Amino acid sequence: MILALVIGALVTAAVYLLLQKDRLRVIIGFVLLSHAVNLLFFSAGGIGRRGEPLGSDPDPSITADPLPQAFVLTAIVIAFAITIYLLVLAVTGSAAEDEGVDDDDEQPAPQRKETDR
Amino acid sequence: MMASLLPLFVVVPLIAAGIAAFARRSHRWSSVLLLATLAATTIAAGALVAATAQGQVVAAALGGWPGGIAIPFVADVFSALVMTVAGVLTLVSCWFALVGGTGRHPLFASLVLVLIAGVNGALLTADLFNLFVFIEVMLLPSYGLLVIAQKGKGTLRSVVGSRLYVTFNLFVSTVFLAGVALVYGTAGTVNLAELSDAAATSDLTAAAVAVCLFALAMKAAVVPVHGWLARAYPSTSPAVTAMFSALHTKVAIYAIYRIYAVVFEGDQRWLWIGVVLFSATMVVGVLGAVGETRIRSILAFHMVSQIGYILLGVALFTQLGLAAGIFYLLHHMIVKSSLFLSAAAVETRYGTDVLADLRNRVGREPLLTVVFGVAALSLAGLPPFSGFFAKLTLITGAVEAGQITAAIIALAVSLITLMSMLKIFNAVFAPTVTGSFRNEDHAVVEAPPTPLHLVAPAATLAAVTLGLGLGAEGLFDLATVAAAGLLDTRAYVEAVLP
């Protein structure tokens, strides 16, 4: 239940941040969203068993499911890589233009009207 | 023997990518390595089509672990066909990129090789989490390719388009991942074969897999979430758009076909959702295309519309409907690449793809005109070309399944498709049709036509669509076998879990 509440709070915060104008806030939103999904994986493995799946002869009735842990480990590095790229993209490009600008045509064509897009 | 070679479709491109990453300034050897590796995997995929043409399923349990524990790599004729066509189109796009200039970036070969490794992996895997990983393997080099530009000078437009593409795809991947977590929580496995028919036994698992399917539909740009594709694809370099048009959305479509067939067993109860969404995709996509003013933007919206057509095949879920959808998928990959390559040739030669700027500038371009005309008519579905056969079978399938409304929409959308293709054609390729040559444009009209080596890649694919239109039966037979494999998934499941 606690895990479900935490995941819910993280997703709420992530959705709020993803809809912000500032690029950095969007990236923080993605960090929170991947946190939420990682916790979702842990809860998918069953949260009753808390023992670590290490040692020579783990007892399956008390040790945690190792498969979701491997999933999360993989998902963390993938999200990490994309977050780094997103951060680089956030500081690339001219200083003048902002995320709020949705006109992605390259030249500000004078013959095109403002209302075209 | 065949089965144990399946991982090579991923391993060989990855090793070649690692080697190609050492290329610094002299890029000739890395280009040769790129083309040779792509040709080898494509030929191997073609051999795989031959080996599975009678409906056989080849499966390998990676690492030699028992079925259900190992990650399974499975190939049937469906995955082999998509892999072959994707390989051919990547090869042709690389050919254009190398000729057109984009491919001269030192990292180009390496990125494309990782991309094709990810595509092959995503097509072969039968494990949901592994599918997620391979989709990421496919996406990460794509992010690099999006901003790669001629002479190492990126445009602001490609950075802005890239931001949209990366954020959207990261969001969709995270949703897909959440779906996989829910599947694991409810079913206890992420192996597709073990999930066979799971949707019928547990409503919770059905809902969890539906989350995955909706994420894949977002990746395929189905209508409520199609805006990203229309914005991101035209922003990159022309050669890269042509390459992506055959890979990303099509892998998502393949996964939707596969997952709905295996996990839902083609459950009739939910097909109406597909029929509604995909009909809307056909209409909204083509209407968006009519309103656009650049060649590549028009083509990107057409891609959305055609994705609706392809996915309609899975929403019919009959033998004929699935076969028509698979044929449509293969035909469309080829035609769309041809169109994007024609547009790329124009853009490389004339420096812009805005219709208003190109009007009356593209003078005597007989070859380019024919090539673009053939692909455009094939896209609209006119008789001598493969698009006619694809649309005919799809509409027959829709009528047979009782989806009269969807059939009528598919027919009506074809007319609008033809209309906006004619808009490009009239503005760019056939200035004499519009009648007037302005004086100030006259000097430009006399400029030499686009060199042959820029047109040749698009011409090759245009010839393929004509060939497929005249000899559609061969490919349609293979598509029928693939459809039979989706209708009855027992062979697939038994291959993974012996």
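In the predicted model, I334(B) touches V85(B), L89(B), L461(B), V464(B) and L468(B), when residues up to four places away in sequence are not counted. I334(B) is found in helix α14 of chain B, which spans residues 319-350. The residue is buried, with a relative accessible area of 8%. The C-alpha atoms of I334(B) and S386(B) are 9.8 Å apart in space, while the two residues are 52 apart in sequence.

Helix α14 of chain B also holds H331(B). The relative accessible area of H331(B) is 1%, and since buried means under 20%, this residue counts as buried. With neighbours within four places in sequence left aside, H331(B) is in contact with S378(B), S386(B), G387(B), A390(B) and T465(B). S386(B), a contact of H331(B), is also the residue whose C-alpha lies 9.8 Å from that of I334(B).

Two further contacts of H331(B), S378(B) and T465(B), take part in the packing of helix α16 against helix α21 in chain B. The axes of α16(B), residues 366-380, and α21(B), residues 452-470, come within 9 Å and cross at roughly 35°. The crossing of α16(B) past α21(B) is left-handed. On the side of α16(B), the contact is made by L367(B), L368(B), V371(B), V374(B) and S378(B). The residues contributed by α21(B) are L452(B), V455(B), A458(B), A459(B), A462(B) and T465(B). By class, the residues of this contact comprise nine nonpolar, two polar and no charged.

Burial extends over the whole of another helix in chain B, α10, which covers residues 238-245. Eight of its eight residues are buried, so α10(B) is largely enclosed by the rest of the structure. The buried residues are P238(B), A239(B), V240(B), T241(B), A242(B), M243(B), F244(B) and S245(B).

Chain A has three helices and zero strands, and its elements run α-α-α from the N terminus on. Of the 117 residues in chain A, 32% are buried. Among the contacts in this chain between residues at least 6 apart in sequence, 50% join residues at least 24 apart.

Within chain A, helix α1 (residues 2-18) and helix α2 (residues 23-44) pack at an angle of about 160°, with their axes 8 Å apart. Angles over 145 degrees count as roughly antiparallel, and α1(A) and α2(A) are therefore roughly antiparallel to each other. α1(A) passes α2(A) in a left-handed crossing. From α1(A), the contact involves L3(A), V6(A), I7(A), L10(A), V11(A), A13(A), A14(A), L17(A) and L18(A).

The model scores ipTM 0.87 and pTM 0.92. The average pLDDT of chain B is 88, and 93% of its residues score at least 70. Over residues 433-445 of chain B, however, pLDDT stays under 50. For this stretch of chain B the model has 16 contacts beyond four places in sequence. Where pLDDT is low, the predicted coordinates should not be read in detail.

Key. Residues numbered from 1 in each chain as written. Chains lettered and ligands numbered in written order. Predicted model: local features only at pLDDT ≥ 70, side-chain atom pairs only at ≥ 80, totals over all residues. Heavy atoms only, no water. Axes fitted to C-alpha atoms, helices over the stretch in contact; angles between N-to-C directions. Helix = DSSP H or I, 4+ residues; strand = E, 2+ residues; numbered from the N terminus. Parallel < 35°, antiparallel > 145°, perpendicular 65-115°, else oblique. Left-handed = near helix turned anticlockwise from the far one by under 90°. Contact = heavy atoms within 4.5 Å. pLDDT = per-residue confidence, 0-100. Nonpolar A, V, L, I, M, F, W, Y, C, P; charged D, E, K, R; others polar. Buried < 20%, exposed > 50% of the residue type's maximum accessible area, 1.4 Å probe, protein only.
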